[in-house]
Amino acid sequence: MKDYALYIEDLHTGFYNRIENKINPVLNGITFGAERGKILGVVGESGSGKSVTMLSVMRLLGPNGRTSGRILMDGHNLLEYSDEEMRRIRGGKIAMVFQDPMTTLNPVFTIGDQIREVIRLHRPDIKNADEYIIKLLDEVGISDGARRLHQYPHELSGGRRQRIVIAMALAGSPDILIADEPTTALDVTVQAQILELIKKLTKEHNMTTIMITHDLGIVANLCDNVVVLYGGRICESGTTREIFKESAHEYTRGLIAAVPGANRSKKLEPIPGVPANRSAFTNECAFCPRCRNAMQICAEEFPPVIELTETHKAWCWMNYIPDTASGRPGIMNDVITGNASETEAVND
């Protein structure tokens, strides 16, 4: 059995609309696990539910957020924890790095003051906080740590600020690090440095890292496993190799086809249409209106999970209906799609 540092089971999240007196759904039955000591990529277009999933884990949705299901860490359901218990979890057991470091750092306090606060709350056993902070700063690639302690966020570049935020996340010695688009606000060169830093720290601290991103290039080079979200549901999950080399969902294939350099023999192919409106949830596959291989059943019923291998799962009717000759999932009959040869080529 896999050793999961975090396991999310049948997670439903929505937001209460007071004017309409109803809950608008955002996540609809998310289930996946993050293996201990590995990097999990959570990918999908903007609005697919990536950040809301992680904010649900951290219990940071706001007063109108509504969540059900189970979020298991060390056998305990975080949704059953009190607010006081969750305050100890955040920063201590689970830390989060957001897109823009200036939304995390307080501009009126020095870098030293802000990291000392984390240590005070989650590592009271540390006697010499400044010495510990300087060591952390050196670990994330910031030199002259003694001077940095007295600087304010506006005195540092964007890349250094993000390194400071990562140091703050590490200050509480978390088991799980959630990185929500941590390089979006940075230039390409600094992006690569930050990603390499996250990879190195994950290994050295034996952490579990969850990387939220829309950039499949990041996923290919950084992650061990991948979960693909669309319309508040999981489309596909598996190892990075399975997702890129043996993708079984048309949405996943569309994301890969739209990545520059992913397939140099073909031109870029954007996914037609616009992302699904999650507030209009019904039982059909949310990707159905944009899928070139959609069938009648896709518009009527959301597909059950298909376990293609021990690690590779897909939620797609194309993988559910086997070819009568081979019995392999994912190979369609001409009668069903009229495009069996093309589908075979993708799966092979």
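**View 1. The largest nonpolar core and its most connected members.** Of the 62 residues in the largest nonpolar core, Ile166 and Met211 touch the most other members. Helix H6 (residues 158–171) supplies the largest share of this core, eight residues. The model is predicted: local features need pLDDT of at least 70 and side-chain atom pairs pLDDT 80 or more, while totals for chains, interfaces and linings use all residues. Residues are numbered from 1 along each chain as its sequence is written, and side-chain values use heavy atoms, with hydrogens and water left out. A nonpolar core is a set of buried Ala, Val, Leu, Ile, Met, Phe, Trp, Tyr and Cys residues joined through side-chain atoms within 4.5 Å; buried means under 20% relative accessible area, exposed over 50%, and partly exposed in between (1.4 Å probe, protein chains only). Helices (H or I, at least four residues) and strands (E, at least two) are DSSP runs numbered from the N terminus.

**View 2. Surroundings of isoleucine 166.** Neighbours within four places in sequence aside, isoleucine 166 is in contact (heavy atoms within 4.5 Å) with Val97, Val140, Ile194, Leu197, Ile198 and Leu201. Another core, of 32 residues, lies apart from the largest one and has Val42, Met73, Ile176 and Leu229 among its members.

**View 3. Threonine 252 in helix H10.** Threonine 252 is found in helix H10 (residues 250–257). This threonine 252 is buried, with a relative accessible area of 1%. Its side chain makes a polar contact of 2.8 Å with the side chain of glutamate 236. A polar contact is a pair of N or O atoms within 3.5 Å; within protein, one must be able to donate a hydrogen and the other to accept it, and residues adjacent in sequence count only if both atoms are side-chain atoms. Not counting residues up to four places away in sequence, threonine 252 touches Val228, Glu236, Ile243 and Ser247.

View 4. A search of the whole structure finds zero disulfides (pairs of cysteine sulfur atoms within 2.5 Å). Cysteine 235 is buried at a relative accessible area of 6%. For cysteine 291, the closest cysteine sulfur belongs to cysteine 298 and is 6.3 Å away, too far for a bond. Cysteine 291 counts as buried at 17% relative accessibility.
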